[in-house]
Amino acid sequence: MEFGPIWRALLKNKGGAILIALQIAVTMAIMVNSISIMQERATNMQRPSGMDEANTLTFASISFASDADNRATYINDLEMLRNTPGVINAVGTNSFPLRGGGWSMGLQTEPGEDMGGVGSAIYFGDEHMIETFGVELIDGENFSPEQVVFLDPDNFRWEPYVIVTEALAKTLFPDEEGSVVGKTAYINQNDPVQIIGVIDQLQAPWQGWDEVEHALFSPVKRAEGFARYVVRTEPGMRDELLPQLEEMLASADKTRLIRAAQTFDEVREGAYLGDSAMIKILGFVITLLTIITGLGIVGLASFNVSRRTRQIGIRRALGATKPAIMRYFMLENFMISSVGVVVGGALAIGLNIFMVETFNLTPMSWWVVPAAMIVLWLVGQAAVAGPARRATRIAPSIATRSG
Amino acid sequence: MLKMTDVSKIYRTDTVETHALREFSLTVDEGEFVSVTGPSGSGKTTFLNIAGLLEEMTSGTYELDGRDISKLNDRERSRVRNEKIGFIFQSFNLIPELNIFDNVDVPLRYRGLNAAERKRRIEESLDMVGLASRLKHQPAQLSGGQQQRVAIARALAGEPRFLLADEPTGNLDTHMADSVLDLLSEINSNGVTIIMVTHELTLADRAKRNIFVRDGQVTDAAPEFLRAANG
Ligand SMILES: Nc1ncnc2c1ncn2[C@@H]1O[C@H](COP(=O)(O)OP(=O)(O)O)[C@@H](O)[C@H]1O
Ligand SMILES: [Mg+2]
């Protein structure tokens with residue numbers, strides 16, 4: 001191969017080549033870091049919430065009558081919901097994963113102030129929570145109906161029983177080899193709560209939270225004129241039941257409104273709207289940058305072919321075949337691209353380290369750099385192919401015909 | 001060796017047809033040094049381009065080294081140019097981006113020779129033209145005469161059977177032209193067949209055989225006007 005002479009010839013006219021190599025390098029740095037952000041977002045989006053998402057729906061009931069018997073409505077609503085054919089179970093709760101709003105409290109293993117607690121999301125609900133959310137009880141027991149109380153807003157106190165996620169249990173009791181059931185933790189610094197059950201997995205309502213896997217159930221029913229219901233249906237029944245259940249509750253009590261009726265798919269979509277938009281925007285940006293870089297390469301190669309028209313004729317006269325002329329430009333581009341992707345690799349890694357430190361981004365996967373190199377090499381070769389093919393059509397007689 | 005029979009070349013543009021060669025017939029034997037003269041526009045370069053496989057003829061037959069050239073495809077034509085023919089052009093045609101060494105190397109790389117063999121041939125042929133000490137120079141750093149010597153070295157490095165030269169001294173002063181002609185004679189005495197186009201009869205006379213071209217055809221003798229024009 002003719003690396004030596006091509007490289008030396010390139011160094012004689014390096015202005016354009018350096019600009020293109022720089023463009024490739026910058027494209028590469030942006031591409032690599034965009035991909036790594038996209039990857040992080042996509043990975044986040046794929047995490048399970050813990051819910052039986054495909055078969056879950058939710059809505060809120062808002063009472064506007066000042067003298068309404070909210071508890072009676074609550075009891076009646078859930079009874080109707082649970083008795084509807086196609087409904088597996090239903091529960092009244094304050095929040096659920098991906099909702100974006102909810103309660104969180106600090107938990108600690110010793111009572112007292114300034115102990116530094118472990119944060120956890122709080123889901124209030126009764127003994128139907130586990131089945132409705134579709135989580136699995138892996139240790140201990142569910143709440144018994146006697147443990148569940150109505151929340152008294154004027155006299156709030158923490159009920160002494162909780163069911164926690166396995167992740168929360170592990171963080172609270174990192175050294176515990178056996179069961180955490182029966183252990184006591186302290187909420188709100190001094191209120192003891194006993195762990196009576198452990199569930200496999202359930203996210204907190206804030207999907208961007210560092211401790212998103214920390215959640216617990218507290219045996220409390222809330223009926224203060226505002227109730228949030230979660231309903232789990234038989235597979236395939238959800239979409240059909242949503243308007244039906246909404247209508248059923250609305251007509252059962254005309255002094256309240258049914259709002260925020262959503263399937264869980266819609267909840268998820270809403271929760272990750274920003275992330276999916278970010279993925280689309282970054283995808284668009286790197287596609288656009290790659291196209292612009294490709295066009296830059298086409299431009300430089302076209303210019304080089306025109307500038308070298310005579311020399312190409314001479315080379316043909318001296319015995320270069322058409323493939324040899326093609327190869328010349330492909331190799332030249334390969335060299336420019338190689339400089340670009342090597343510099344770009346260094347830039348990309350530098351930028352990634354900066355982003356990891358500054359924006360708490362997950363460090364990129366090792367394969368992103370070589371993958372981007374290969375993509376940009378291929379883009380370069382594809383971009384140069386047209387001008388190079390044009391070069392092969394230059395006639396050898398140019399060598400004698402133009403003075 | 002080189003045998004053209006009734007070769008025609010017609011250049012067609014939208015509006016005009018130029019008959020650059022009309023039933024052009026010529027045989028050149030192994031080891032000859034032939035000069036081709038004729039007025040401007042008579043078809044000399046066209047002849048040389050067809051002889052050197054730089055252009056295709058419109059009709060006729062052309063045999064080089066016993067091979068029917070009209071049957072070759074582009075790749076085979078490139079190969080014949082590379083292996084059998086050395087070109088020397090009026091405007092030297094060195095590649096400005098490459099130093100002297102790399103310029104002479106160009107046809108050898110297309111030949112696919114290994115690095116050691118190429119180096120040997122490059123040094124040998126540059127030595128022959130007296131420029132062995134200028135390997136790393138750029139073409140622009142050399143005089144016209146030196147550049148043409150490099151071009152000759154490039155043509156020779158491939159050890160061709162034929163050397164085709166189109167006005168090789170056209171851009172050189174008389175002194176330099178003479179030394180280039182000396183070089184060509186020496187090369188010819190080593191057995192290389194040379195065909196040289198020139199419009200200077202004094203130079204043409206140094207060839208062993210003179211061909212005169214007029215209106216795209218070989219004529220028997222030098223027309224008087226040409227002799228007069230060149231004194
Ligand atoms: N590529 C071309 N297209 C059209 N006409 C051409 C072309 N090349 C040469 N000619 C014409 O062919 C004739 C012979 O040209 P050429 O062989 O270059 O003559 P010479 O070398 O004897 O001066 C001229 O009339 C010239 O204008
Ligand atoms: Mg001419």
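This dialogue goes through several features of a predicted model, one at a time.

User: Where should I start with salt bridges, and how many are there over all chains?

Analyst: Side chains of opposite charge can pair when their charged atoms come close. Over all chains the count comes to 34 salt bridges.

User: Which residue forms a salt bridge with B:Asp74?

Analyst: The partner is A:Arg316, and the closest N and O atoms of the pair are 2.9 Å apart.

User: Is A:Arg316 buried or exposed?

Analyst: A residue counts as buried when its relative accessible area is under 20%. A:Arg316 has 2% relative accessibility, so A:Arg316 is buried. B:Asp74, with a relative accessible area of 31%, is partly exposed.

User: Which parts of the chain does the salt bridge between B:Arg206 and B:Asp178 link?

Analyst: The closest N and O atoms of B:Arg206 and B:Asp178 are 3.6 Å apart. This pair links distant parts of the chain, 28 residues apart: B:Arg206 is in the loop between helix 7 (201–204) and strand 9 of chain B, while B:Asp178 is in helix 6 (residues 174–189) of chain B. B:Arg206 is partly exposed at 32% relative accessibility, and B:Asp178 is partly exposed at 36%.

User: Which residues are linked in a network of salt bridges?

Analyst: The network links B:Glu117, B:Arg120, B:Arg121, B:Glu124 and B:Glu159.

User: Now the strands. How many residues of strand 12 of chain A are buried?

Analyst: In a regular strand the side chains alternate between the two faces of the sheet. Strand 12 (residues 226–233) of chain A has 7 of its 8 residues buried, so the rest of the structure largely encloses this strand.

User: Which strand is joined to strand 12 of chain A by 7 bridges?

Analyst: That is strand 1 (residues 56–63) of chain A, which runs antiparallel to strand 12. In this pairing A:Leu57 stands opposite A:Val231. Strand 2 (residues 87–93) of chain A also pairs with strand 12 in the antiparallel sense, over 6 bridges. There A:Val87 stands opposite A:Thr233.

User: In what order do the 4 strands of the open sheet in chain B stand?

Analyst: The order is 2-1-4-5, with antiparallel pairing. Strand 2 (17–28) and strand 5 (67–68) of chain B are at the edges with a single partner strand each, so each has one side without a neighbour in the sheet. Strand 5 is joined to strand 4 (residues 59–64) of chain B by 2 bridges, and B:Glu63 stands opposite B:Asp68.

User: What is there to read in the phi angle of B:Phe92?

Analyst: Most residues other than glycine have a negative phi. B:Phe92 is not a glycine, yet its phi is positive, about 65 degrees. B:Phe92 lies in the loop between strand 6 (85–88) and helix 3 (100–111) of chain B and is buried, with a relative accessible area of 9%. B:Asp215 also has a positive phi, near 50 degrees. B:Asp215 is in the loop between strand 9 (209–214) and strand 10 (217–219) of chain B, and at 54% relative accessibility B:Asp215 is exposed.

User: Which residues gather in the patch of positive charge?

Analyst: A:Lys322, A:Arg389, A:Arg390 and A:Arg393 gather there on the surface. A:Arg393 lies in the loop between helix 11 (368–392) and helix 12 (398–401) of chain A and is exposed, with a relative accessible area of 58%.

Notes:
Residues are numbered from 1 along each chain as its sequence is written. Chains are lettered from A and ligands numbered from 1 in the order in which they are written. This is a predicted model: local features need pLDDT of at least 70, side-chain atom pairs count only at pLDDT 80 or more; totals for chains, interfaces and linings use all residues. Side-chain values use heavy atoms; hydrogens and water are left out. Patches are made of residues with over 30% relative accessible area and no salt bridge: like charges are joined within 9 Å, nonpolar side chains (Val, Leu, Ile, Met, Phe, Trp, Tyr) within 5 Å. Accessible areas come from the Shrake-Rupley method with a 1.4 Å probe; for residues, only the protein chains shown count as cover. A salt bridge is a side-chain nitrogen of Lys or Arg within 4 Å of a carboxyl oxygen of Asp or Glu. Lys and Arg count as positive and Asp and Glu as negative; His and the chain ends are not counted. The place of a charge is taken as NZ of Lys, CZ of Arg, CG of Asp or CD of Glu. Buried means under 20% relative accessible area, exposed over 50%, partly exposed in between (1.4 Å probe, protein chains only). Two strands pair if DSSP finds at least two bridges between them.
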